[in-house]
Structure formats: structure tokens, C-alpha cells
Amino acid sequence: MADFITYSFIGLAIGCIYALIALGFAIIYKASEVINFAQGELLLVGAYVASYAMYTWRLAFPLALLVAIAVTVAIGLLFERFALRRMIGRPVFSIVMITIGLDVLLRTGVTVRLGATQFLNAATPFGSVSQVRLGGVVFNDIDITIIAATLVCCAALFLFFNRTRYGLAMRATALDQEAALAVGIDVRTVYAMAWGLAGAVAAIGGVLLAARQGSGGFDVGLGQSALLAFPAIILGGLDSIPGAVVGGVLIGLTYGYASGYELRVSWLGAGFETVAPYLVMLVVLLVRPYGLFGSRKVERV
Amino acid sequence: MSQQPPPPPRGAAPAGQSLLQVEGLTVRFAGVTALADVSFSVARGELFAVIGPNGAGKTSLFNVISRVYQPVAGRVTFDGRDLLRLRTHQVAPAGIARTFQNLGQFPHTSVLDYLLLGRHARMRSGILLGGLFVGPTRAEETRNRAYCLHLLEVLGLSRYRGELLGNLPYGLQKRVDVARALALEPRLLLLDEPVAGMNLEETNDMASIILDIKEQLGVTQVLVEHVMAMVMGIADRVLVLDFGRVISQGEPAAVQANPDVIRAYLGEEFSSSTSGAQAGADLNG
Amino acid sequence: MSTPAPSEPAAASALPRLLGTPRRRGLLVGGAILLGLVFLFGGDSWLTILDYTLVAGVGALSLNVLSGYTGQISLGITFFMGIGAYTTTLLGGDRPMHSGDPVGLALPFVIWLPASGLVAALAGALVGPVALRLKGFYLGIVTLALVFIGQFLFKRLTFVTGGDAGRTAPSPSIGSWSFANPDPIFGIQLTSNQVYFLLLVLILGLSSLFVGNVMRSRAGRAFQAVRDNEVGAAIMGVNLLEAKVGAFILSSFLAGIAGSLWVAYPAFSHPVPQIWDLVLAIQFVAAIIVGGVASIWGSILGAAFVFGLPSALDQFSLVPQSAGGEGIATGDLNALIYGVMIIVFLLFEPAGIIGLIRRVQALGRRLDDRRKGGEFATAPRPNPATPDADDGAHVAPELDT
């Protein structure tokens with residue numbers, strides 16, 4: 001039972017990171033119906049810049065985090081302005097591919113700077129990982145931080161979307177682009193904002209994900225492990241922000257249980273946790289092709 | 001159409017019998033009723049028109065017959081067969097062809113290939129034989145290609161056979177689309193707003209093509225349109241839809257005189273000259 | 001009629017064809033001569049790159065069938081390539097010597113090569129129906145999931161794959177004549193790379209011919225209609241399930257063949273499960289975008305630019321090394337090149353290199369027309385996409401039953 005609670009807690013923490021990553025996808029998708037396949041590498045860039053700022057420039061953690069956010073937001077804005085804006089109206093396939101092009105460039109950029117097999121210390125607010133014990137159950141302070149950070153981010157996004165002019169403009173655009181144009185919302189600003197927000201969320205997610213890798217540090221594989229957010233957004237439905245959070249937590253729990261219990265089920269073997277979320281996603285998609293919370297599109301003739 | 005037309009389709013029964021029968025058709029999406037209890041029947045060889053203002057449910061009707069939309073109630077019978085039992089792709093093999101309201105869906109296709117695509121249901125060869133391109137497949141391709149080239153010639157479109165659809169002007173694309181639908185050798189041809197967006201000359205051209213299809217090929221046609229003058233000039237019978245309900249049906253002259261029709265529809269078209277103008281403007285405002 | 005008729009359509013369409021064809025023929029002959037020179041004098045280093053490009057060409061063709069012609073986004077080609085590769089190692093690999101060695105049946109090349117395609121095609125047939133329910137991004141992510149699931153399986157099924165350590169793949173041989181160590185043919189001694197090159201040219205040529213034939217006949221028209229508009233295609237009588245599953249089967253078959261040839265190539269003969277990853281899959285997508293979507297020559301040119309060019313740059317040290325001797329690693333340079341190419345081509349030439357070539361040809365024709373005087377300069381040209389539009393025109397019209 002104690003194990004179960006520990007695994008649940010770990011799963012919840014990982015799920016929170018996936019929820020953050022998935023939020024990045026959902027924000028962009030909702031505004032512009034684009035899936036940003038480069039989101040995972042934006043996380044890597046965020047983690048890399050934060051680490052570099054903290055250990056090479058000797059900045060304090062909050063400042064390093066801000067620098068990382070600034071960099072990923074800038075990448076998001078530039079990419080939206082100079083690449084995606086020219087792709088409006090092009091086939092889905094082309095749009096997927098141009099974000100994959102960005103993905104390749106970001107990963108290669110970090111690899112060239114870092115080296116393919118090099119590990120880097122993650123930027124963390126803590127000196128070293130400490131643990132909290134309650135009964136027989138172990139909690140890592142980083143996991144507690146992750147859950148808290150995710151709650152803060154979600155609350156901030158909720159307030160942004162519901163209380164600010166820009167947030168409402170984004171929601172209006174997502175609902176009906178033509179109507180939004182008609183009432184004077186600048187759709188281009190909305191797209192840019194979505195990419196900026198997604199960049200900021202990616203930097204936070206990246207720093208948290210890197211910090212969770214433990215004392216060994218992180219490498220360029222971080223971007224690929226962030227791809228596990230795909231099952232999360234698919235589960236949640238591409239265009240649902242609450243769905244992204246629920247999907248992220250579900251995938252995190254799947255991951256937590258799979259990595260916790262896989263050694264007891266010998267035929268599954270190590271590494272099962274990296275495919276379990278995809279298997280869950282496939283099953284859900286076959287039953288509900290538009291995810292748990294997504295809305296179905298009617299195709300026109 | 002001076003040249004010899006393609007032979008009439010197989011199984012064309014004498015005019016007068018009903019080919020398509022629609023009874024009590026109701027279509028709803030998310031609480032909006034697109035069609036409410038619509039009934040009519042189309043006789044063999046007839047040119048039947050469905051008119052109504054935008055949003056009246058005309059295209060929804062075609063989408064039910066094409067098996068794209070699933071009605072909540074009603075029956076659709078084609079030549080004695082229950083059409084609602086078919087899947088979308090089984091409608092064309094049954095002998096029903098349809099033109100598209102929105103063009104530009106197949107911009108990279110050449111005119112000739114588009115006609116061959118229209119004959120898809122009349123051809124057989126699959127991937128393996130197609131890839132080897134031997135024997136029966138080669139013969140089938142050659143035969144059908146010749147048929148489509150002939151059809152293009154009959155319709156005066158031969159010189160565009162190699163052009164990509166996306167490079168053709170709008171009016172020409174509409175004519176090619178009709179040719180593509182005819183390539184199936186359909187027993188029923190559904191024309192979805194064939195003259196929408198056309199100028200007067202193009203409209204007249206299209207009207208004469210539609211009449212030729214009726215008179216020379218004997219193909220039964222259902223026409224959805226909101227360009228009144230053209231419909232009234234060529235249709236045998238007219239059905240008027242408004243907000244998904246049938247408000248009138250019969251000979252063009254009778255329908256045109258129906259006060260409900262004037263109020264719901266003609267008011268919009270002839271707002272300056274008809275007595276129903278005010279009512280029509282109110283309804284559509 | 002509302003559209004003005006060109007004055008002399010027959011003459012106008014005949015002229016550019018006469019001028020255009022020798023140019024295209026010249027290009028082909030030139031290419032063949034170049035290949036012949038590399039074949040004879042290029043040595044192993046050039047031939048390795050060429051062989052690599054040709055294998056990648058089969059893979060790019062496979063992806064173009066599915067994504068380019070049929071419009072089904074796939075990031076999962078390496079899953080099917082892996083299945084082909086491990087069918088090859090299972091059927092053609094050496095019989096186990098010790099307990100714990102991976103299983104191998106030591107069957108001949110003529111069995112394992114087609115079998116690799118067929119087993120991959122079977123996997124494609126099983127995945128294909130998913131594409132009926134899932135579209136666009138969703139299908140892309142599902143195929144991405146296949147890559148991860150595939151890698152997990154390849155690592156776990158050690159009795160076939162050798163697990164993380166990999167296993168040795170068979171080299172093609174016909175009877176006792178081996179491609180890895182060829183005996184002289186009619187007294188001519190060719191190297192392994194040379195005979196493998198001949199084999200690959202044959203296989204890529206046949207595959208291209210097959211795909212080209214499919215795309216100009218009924219099944220291929222259905223694929224392309226499904227790509228352009230699914231509902232419209234279904235209304236015209238295209239069975240979407242049949243078309244999508246058909247495209248998956250054909251594409252997976254070719255991917256299986258490509259995977260088999262990839263591991264059977266003597267230089268790569270010890271495959272490890274890690275090679276069938278997402279990065280390789282994305283390279284293939286880059287190849288069809290750079291070369292040309294829905295184009296056979298585009299697939300081949302794309303493979304040359306995305307797979308061949310970086311290896312050539314690397315092999316011949318055409319990239320300046322940095323002072324510290326730390327230069328960019330091969331893989332990174334490769335990624336940098338195709339990453340930039342993806343973005344540049346999508347932004348500026350969505351039709352890929354083949355589109356660029358067509359544009360240059362059109363420009364050449366226009367210049368020719370102008371040189372001949374204004375008479376033909378204004379007449380419409382026949383579209384290069386269907387140069388043989390009048391084939392079959394002389395056959396008597398006849399109804400298909």
C-alpha cells in the first residue's frame with residue numbers, strides 16, 4: 001500500500017510536468033489549430049539555458065529561470081512570426097513538418113553546444129534532493145515543488161484566460177475566428193501570444209523535468225522524453241485545456257505505476273514505462289477518436 | 001452538343017415511374033433541424049429542382065442522399081432499394097452521381113484524371129494489377145480513358161483534358177465537374193448549385209448542358225439551386241424548402257404563384273418588384 | 001462559349017513537347033553517365049554513399065506513397081522498416097550456435113527479401129484501419145507511438161533481434177554467389193559495393209515503376225482523391241477503408257524492403273534496435289519534403305539530399321573543421337542540413353527540388369517560345385504533369401461493364 005501511494009505520488013508529479021507540456025500544445029492548438037511538434041525541444045532549450053545561466057553565469061535560480069523563459073518565448077515568437085505565419089492555409093502535413101524542422105534545429109543546436117552524450121546539471125532551487133517521510137511513504141521535495149508549480153501555472157493560466165482582455169480575445173478566436181476578426185480582435189496578436197505563452201510554459205516544464213532527472217543531470221534525450229506529453233494531449237483532446245491537465249495526470253500515473261511495478265512483472269521488463277502511455281493512448285483513441293474531452297469536427301464537401 | 005452523345009445508361013426505364021422517393025425525412029444537428037419531414041418523389045427522366053434561400057436545407061438533402069448525413073427519421077428509396085442501408089462509397093456504384101457545390105477540392109488532378117476518378121465505381125483493378133499494369137488493367141485503363149476522352153469531346157472540353165483543375169477558371173471547373181459526374185454513367189444525377197457564382201452567359205451554357213443531359217442522355221436529375229430564373233426555365237417540377245420544411249411543390253408556374261413561396265423566397269430575389277417584398281425582407285433580415 | 005479557344009491548339013501543344021523531351025532525355029542520359037562513372041571509378045567511398053542513397057530512396061518512396069500521394073501523415077516509417085529488417089535477420093540469419101544466440105533460419109535471399117516486404121505489409125494492413133478513424137495530427141501522433149512501441153518490442157524480443165547488443169544480418173546471395181564477396185562474372189571481378197549497387201538500382205527501379213503505375217491507374221487515383229478530400233472521394237465511390245489500407249500495405253511493403261536492404265548491406269550488417277528511431281523516421285519525412293511530395297523522382301532526389309549529401313560532405317571532409325579539432329559531428333551536421341532544408345523548402349518551394357526543376361524547365365520553354373517569335377508565346381502549353389494525354393485516344397469508345 002505504501003508502495004502504491006509512493007508510485008501514485010511520483011506519477012502525479014510526472015503527470016504535472018506532462019500536464020504543463022500538454023498545456024503548451026493545447027494553447028497553440030486552440031488558437032491556431034497547429035500542433036507544435038517542437039514543444040519537446042523547447043523544453044530541452046529551456047532546461048539547457050536555465051542550467052547554463054545558473055552554473056556558468058552564476059545567476060540565482062529565479063533569474064536563471066527568467067532567462068530560460070525569455071529565450072523560449074523569443075524562439076516561439078520568432079518562429080510564429082517568420083515561419084508559421086507564412087504557412088496559414090497550407091495542408092496539415094506541411095504545418096506538422098515545419099514544426100518538426102524547428103524541432104530538429106533546436107535539438108541539433110543544443111547537441112552541438114552540449115555534445116550528444118554529455119550530461120548537464122539541472123537548475124534547481126535546492127542544493128540537493130531531500131526527502132520527506134510520512135509513515136512508510138517517501139516524498140521527494142522536487143516532486144512536491146513540481147505539483148505546486150503546476151498548480152500555480154494552471155491558476156495563472158486560468159486567470160489569464162478568464163479575467164484578462166488578451167485571454168478573452170484568445171478564447172474568442174479559438175471559438176470563431178471570423179467572429180473574432182469582426183469584433184476587432186487582432187488574430188495575429190493572438191497567434192503570437194499563444195506561441196509566447198507556450199514558450200514560457202515550455203521553459204518552466206523543461207526546468208522541472210530536468211530537475212526531476214536527479215543528481216545525474218539531464219542530456220539531449222530530455223526533448224524526446226517530453227514527447228510523452230503527446231499521449232496526454234491526445235487523451236485530453238487537442239483543443240481542451242482542462243483536458244490537457246487531466247490527460248497529463250493520467251499519463252503521469254500510467255508512467256508512475258508502469259515504472260514502479262514493471263520489475264515485478266518480469267515479461268514486461270525495463271523500459272515499459274516509456275511505452276505504457278502510448279498504449280493507453282492507442283486504446284483510448286480507438287474508442288474515442290477525438291480524445292476524452294476533444295470536440296469532433298464536421299468535414300465539409 | 002452536336003456530336004454523338006454517349007449511349008443512354010443501362011436499365012433506364014420508361015419515363016413516369018418514380019426513381020427516387022423521399023419520405024418523411026428529418027435531419028437534426030445539435031438541436032438545429034436542417035430538414036423537417038421532407039417528402040417528394042422524382043420520376044424517371046425527370047428534371048426535378050429543389051430551391052430555397054440559403055440555409056434552407058438543400059445541401060443537407062443531398063448529403064442524406066449521398067449518405068454523408070444520417071437522418072433521424074424518414075426513408076429514401078432509389079429504384080426500389082433502401083438507400084439508407086448503403087455506405088457513402090456504395091452510393092456511386094448504385095448509379096447516383098453528384099456534383100460539388102464547393103470546387104477546388106482536387107486542384108492537382110488533371111481534367112482527364114478527374115473524369116476517370118468519376119468512373120472509379122465502374123472500374124475494377126486494384127493495387128497489384130495496377131502496379132504491374134498488365135493485361136486486364138491496361139485494357140481497362142485504355143477503354144475507360146477512351147470513354148472519358150469521348151465524353152470530354154461531346155461536352156466541348158477536349159482541349160482542357162491535360163490541364164490541372166486548379167488552373168481552370170471557375171465556370172469551366174463547374175462544367176468539368178458535371179462531366180466528371182456524367183462519367184459514372186449515372187441513373188440519377190444530383191447537381192449541387194451548378195450555376196452558383198456564374199455570369200449570365202455561363203449560366204445559359206450550363207442550363208443548356210443540363211437540358212441536353214435530360215433530353216439526349218435521359219438521365220434523371222435533381223438540381224439544387226437558388227438562382228430562380230434558371231430553375232424555373234428548365235425544371236419539370238420544383239420543390240421549395242424554407243428552414244428545412246417543404247412549403248410548396250409542383251410545376252414551376254404553380255410554385256411561382258404560391259404566396260408562401262413569394263413570401264419566403266422570391267421576396268429576397270425580386271425585392272423591388274414583388275408584392276411580397278416587405279415580408280421577404282423581414283424574414284431574411 | 002465563355003472561354004476563348006486557343007487558335008491552334010494542336011500546333012501549340014506539339015511544339016513544346018518536341019523541345020522539352022530531348023532536354024529531359026539529356027538529363028536522364030547525363031545522370032546515367034555520371035552514375036556509370038561513379039560505378040566504375042568511384043571506389044568504395046563514393047559507392048557506399050550511393051548505395052546508402054538508393055536504399056533510402058526505397059524508404060522515401062514508401063513514405064511518399066502513404067504521405068505524399070495518400071495524405072496520411074506518418075512519422076512511423078521506421079517501425080515498418082524495423083519489421084522488415086528483423087524478418088530478414090530471422091529468416092536469413094545464421095542458425096544459433098550456442099544457447100542464447102538469436103534465432104535464424106538461414107533461408108536464401110530470394111525468400112527473405114520478399115518475405116520482409118510481406119511481413120511489413122501485413123503490419124501495415126493491421127495499422128491501416130486506424131487511419132480510417134484518426135486523421136491529420138492524430139494519425140501523426142499514433143504513428144509516432146508506433147516508433148516507440150516498436151523500439152520497445154525490438155529491444156525485448158531478443159531471440160529475434162539480439163536485444164540491445166543487436167545481431168548479425170545476412171548478406172544477400174544467390175546460390176553460392178554472394179554479394180558480400182562476389183565471384184567474377186564472365187571474368188569481370190566486381191567489388192561488393194558494385195554488385196550491391198546494381199542490385200539496389202534494380203530494386204529501386206522496379207519499385208519506382210510499380211508505384212508510378214499504381215498512381216496513374218485506378219487505385220492511385222483513389223489514393224490521391226482521399227488525400228485531397230475524403231468525403232468527396234467517398235461520394236465518387238472510393239471506399240476509404242480500402243484506399244487507406246491499400247496505401248498502408250503498399251507503403252509498408254516498400255518500407256519492409258528498405259529495412260531489409262538497409263541491414264543486409266554489408267556495411268550495416270549488425271543492426272541494433274536503436275537505429276529504428278524517430279530521428280530516422282523524421283529524416284525520411286524530410287526527404288520527401290525536400291525532394292518533392294507525391295513524386296517518384298522527388299523521393300529519389302530527396303533521399304540523395306537528405307541521406308547522401310551529408311555523408312558525402314562528411315566523407316570527403318568538405319566541412320572545415322574547427323580549430324580545436326572538435327568540428328560538428330556527422331549526425332549533427334546531417335540534422336542541421338535537413339532541419340534547415342525542411343524549413344526552407346516548406347516556406348519557399350513546397351513542391352521540393354522536383355518543383356524547382358519543373359520551374360526551371362518551364363522557364364526554359366518560355367525562353368524558347370520567345371526566341372521562336374511571338375506566335376506561340378501566348379498559346380497555352382500542355383501541362384507537363386500529363387504529357388501523354390492523347391494515348392488511347394484512338395481506341396474506339398466502348399462501355400465498361
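The crossing of helix 3 of chain B and helix 5 of chain B is right-handed. The structure is a predicted model.

**Exercise 1.** Determine how helix 3 of chain B and helix 5 of chain B are oriented to each other, and list the residues that meet.

Solution. 
- Step 1. Two packed helices are described by the angle between their axes and the distance between the axes.
- Step 2. For helix 3 (residues 111-118) of chain B and helix 5 (residues 135-154) of chain B, the axes come within 9 Å and the crossing angle is roughly 115°.
- Step 3. Angles of 65 to 115 degrees count as roughly perpendicular. Helix 3 of chain B and helix 5 of chain B are therefore roughly perpendicular to each other.
- Step 4. Helix 3 of chain B contributes Val111(B), Leu112(B), Leu115(B) and Leu116(B), which meet Asn144(B), Arg145(B), Cys148(B), Leu149(B), Leu151(B) and Leu152(B) of helix 5 of chain B.
- Step 5. Sorted by class, this contact has eight nonpolar residues, one polar and one charged.

**Exercise 2.** Describe the relation of helix 8 of chain C to helix 11 of chain C and the classes of residue in their contact.

Solution. 
- Step 1. The axes of helix 8 (residues 192-215) of chain C and helix 11 (residues 240-264) of chain C cross at roughly 175° and come within 12 Å.
- Step 2. An angle over 145 degrees counts as roughly antiparallel, so helix 8 of chain C is roughly antiparallel to helix 11 of chain C.
- Step 3. From helix 8 of chain C the contact uses Tyr196(C), Leu200(C), Ile203(C), Ser207(C), Phe210(C), Val211(C) and Val214(C). From helix 11 of chain C it uses Leu250(C), Leu254(C), Ile257(C), Leu261(C) and Ala264(C).
- Step 4. These residues divide into eleven nonpolar, one polar and no charged.

**Exercise 3.** Locate Pro289(A) in chain A and name its contacts beyond its sequence neighbours.

Solution. 
- Step 1. Pro289(A) belongs to the segment after helix 12 (272-287) of chain A.
- Step 2. Its relative accessible area is 7%; because buried means under 20%, Pro289(A) is buried.
- Step 3. Between Pro289(A) and Leu235(A) there are 9.4 Å from C-alpha to C-alpha, at 54 residues apart in sequence.
- Step 4. With neighbours within four places in sequence left aside, Pro289(A) is in contact with Arg133(C), Leu134(C) and Tyr138(C).

**Exercise 4.** Summarise the confidence of chain A and the make-up of chain B.

Solution. 
- Step 1. The mean pLDDT of chain A is 85, and 94% of the residues score at least 70.
- Step 2. Chain B has eleven helices and ten strands. Of its 285 residues, 58% count as buried.
- Step 3. In chain B, 67% of the contacts with a separation of 6 or more join residues 24 or more positions apart.

How values were computed
Residues numbered from 1 in each chain as written. Chains lettered and ligands numbered in written order. Predicted model: local features only at pLDDT ≥ 70, side-chain atom pairs only at ≥ 80, totals over all residues. Heavy atoms only, no water. Axes fitted to C-alpha atoms, helices over the stretch in contact; angles between N-to-C directions. Helix = DSSP H or I, 4+ residues; strand = E, 2+ residues; numbered from the N terminus. Parallel < 35°, antiparallel > 145°, perpendicular 65-115°, else oblique. Left-handed = near helix turned anticlockwise from the far one by under 90°. Contact = heavy atoms within 4.5 Å. Nonpolar A, V, L, I, M, F, W, Y, C, P; charged D, E, K, R; others polar. pLDDT = per-residue confidence, 0-100. Buried < 20%, exposed > 50% of the residue type's maximum accessible area, 1.4 Å probe, protein only.
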